[in-house]
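User: I have a model open and would like to learn how to read its features one by one. Please give the general idea each time, then the case at hand.

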Amino acid sequence: MMMEKRFSFNILEKPWLPIDWDRDRETDLQFINDYRPKGSHRQLRILLHGPVGAGKSSFINSVFSALEGRICHKATACNIIQNSFTKKYITYKIKRGDQETAYPFVLNDMTGLSNISWKHRRVHEKDMKMAMMGHIKDEYKFHPQSALSETDPFFNRNPTINDKAHILVTVFDANTINQLDQNIAETIQEIRDEATELGIPHVAILSKIDEACPEIREDIKNVCHSRTLQQKIQLLSKLVGIPENCIFPIKNYHCEKKLNHETDALILNTLRSLIEIGSDPVHQTAPYQT
Ligand SMILES: Nc1nc2c(ncn2[C@@H]2O[C@H](COP(=O)(O)OP(=O)(O)OP(=O)(O)O)[C@@H](O)[C@H]2O)c(=O)[nH]1
Ligand SMILES: [Mg+2]
């Protein structure tokens, strides 16, 4: 009741995001457990990128945590935000409960995009193209001054459909969306154009909604009614051209010691959407070797 009064202006009467907190978590988990890629490929590749410190690695940890049922720290996240903490290209596979098999989707974490220089952003664009096309081998260490070259031992000359990205996800920090650097927004648009050329769908995750929206910090269920969040999503959509229904709000497990039902529900709901959009046959038209 207190909370309703304190944030009443920011709470919309009608939910802009319909979530059934009790049912959706179970149905989304069921969908994820039952998911099998159609056609010739064995695994769906979800490629994450975005500004430095936006919460990319934390999202990977959140997916691991929600699926493994315990807080996980597979991808190293860091709160010193100057240069990107993530420096290597790593494919994250998640084992199923039985530990014998893995889920048929993988997540890749890119090094963060910063506004250091025009050259840095061009290098990032080239590396992104390489990653989307499946040319980067695991453990490749990114170099801010030069993109992966075809002579590098980590260059995969013959990528299969399992190596290419099936969905591109840009992660944004909800706290800083209002001051998103123009150069970074343009770089993301360039990468979006490249993804479209390659037939790869592009969506966004808006992380740290707990920090950016006080009513969500108070109660994560307010995500459905938060006017602040709705406005941030509308703004982001205008800035980078991603439709509002392809922008997913997330609160990562970033400092918690225990799982939370609603945080899980939002993570699983987003993961399900990424899988559904990435598996959309309309987008699997680009010519790749199998
Ligand atoms: N409050 C809050 N903090 C978050 C959330 N997600 C991430 N963080 C924090 O944000 C900081 C950066 O997170 P990372 O996951 O390392 O970000 P990143 O995008 O991988 O960063 P780079 O690899 O350096 O580009 C860490 O201190 C995280 O704990 C969130 O949803 N809420
Ligand atoms: Mg990272």
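Analyst: Helices (H or I, at least four residues) and strands (E, at least two) are DSSP runs, numbered from the N terminus. This is a predicted model, in which local features need pLDDT of at least 70 and side-chain atom pairs count only at pLDDT 80 or more, while totals for chains, interfaces and linings use all residues. Residues are numbered from 1 along each chain as its sequence is written, and chains are lettered from A and ligands numbered from 1 in the order in which they are written.

User: Where does Lys208 lie, and is Lys208 buried or exposed?

Analyst: A residue is buried if 20 or more other C-beta atoms lie within 10 Å of its own, exposed if 12 or fewer, and partly exposed in between; C-beta atoms are placed from the backbone. Lys208 sits in the loop between strand 5 (202-207) and helix 6 (209-212). Lys208 counts as buried because it has 24 C-beta neighbours inside 10 Å. Its phi is positive, about 60 degrees, although Lys208 is not a glycine.

User: Is Glu139 buried or exposed?

Analyst: Glu139 has 10 other C-beta atoms within 10 Å, so it is exposed. It belongs to the loop between helix 4 (118-133) and strand 4 (167-173). Glu139 also has a positive phi, near 80 degrees, in a residue other than glycine.

User: How is the sheet put together?

Analyst: Strands of a sheet pair through backbone hydrogen bonds, either parallel or antiparallel. Two strands pair if DSSP finds at least two bridges between them. Here six strands form an open sheet with mixed pairing, in the order 2-3-1-4-5-6. Strand 2 (90-95) and strand 6 (247-249) stand at the edges with a single partner strand each, so one side of each has no neighbour in the sheet. Neighbouring strands are turned by 25 degrees against each other on average, direction ignored.

User: In which sense do strand 2 and strand 3 pair, and in which sense do strand 4 and strand 5 pair?

Analyst: Strand 2 and strand 3 (residues 102-109) are antiparallel and share five bridges. Across this pair, Tyr92 stands opposite Leu107 and Lys93 opposite Val106. The hairpin of these two strands has six residues between the strands, and Gln99 in it takes a positive phi near 65 degrees. Strand 4 and strand 5 are parallel, over six bridges; Asp173 has Ser207 in strand 5 as its bridge partner.

User: Which residues of strand 5 point one way and which the other?

Analyst: In a regular strand the side chains alternate between the two faces of the sheet. In strand 5, His202, Ala204 and Leu206 point one way, and Val203, Ile205 and Ser207 the other way. Strand 5 is mostly covered, with six of its six residues buried.

User: How many residues does the largest nonpolar core have?

Analyst: In soluble globular proteins, nonpolar side chains tend to be buried together. A nonpolar core is a set of buried Ala, Val, Leu, Ile, Met, Phe, Trp, Tyr and Cys residues joined through C-beta atoms within 7 Å. The largest one in this model has 65 residues, and those with the most contacts inside it are Ile46, Leu47, Val63, Ala131, Val169, Leu206 and Ile209. Helix 9 (residues 261-278) gives the largest share of this core, seven residues.

User: With which residues is Leu47 in contact?

Analyst: Two residues are in contact if their C-beta atoms, placed from the backbone, lie within 7 Å. Leaving aside neighbours within four places in sequence, the contacts of Leu47 are Asn108, Met110, Ala131, Met132, Ala165, Leu168 and Val169.

User: At what angle do helix 4 and helix 5 pack?

Analyst: Axes are lines fitted to C-alpha atoms, for helices over the stretch in contact, and angles run from 0 to 180 degrees between N-to-C directions. Angles under 35 degrees count as roughly parallel, over 145 as roughly antiparallel, 65 to 115 as roughly perpendicular and the rest as oblique. Helix 4 and helix 5 pack at about 25 degrees, with axes 10 Å apart, which means that helix 4 is roughly parallel to helix 5. Among the residues that meet there are Arg121 and His124 in helix 4 and Asn183 and Thr187 in helix 5.

User: At what angle do helix 2 and helix 9 cross?

Analyst: The axes of helix 2 (residues 23-34) and helix 9 come within 9 Å and cross at roughly 40 degrees. Helix 2 and helix 9 are therefore oblique to each other.
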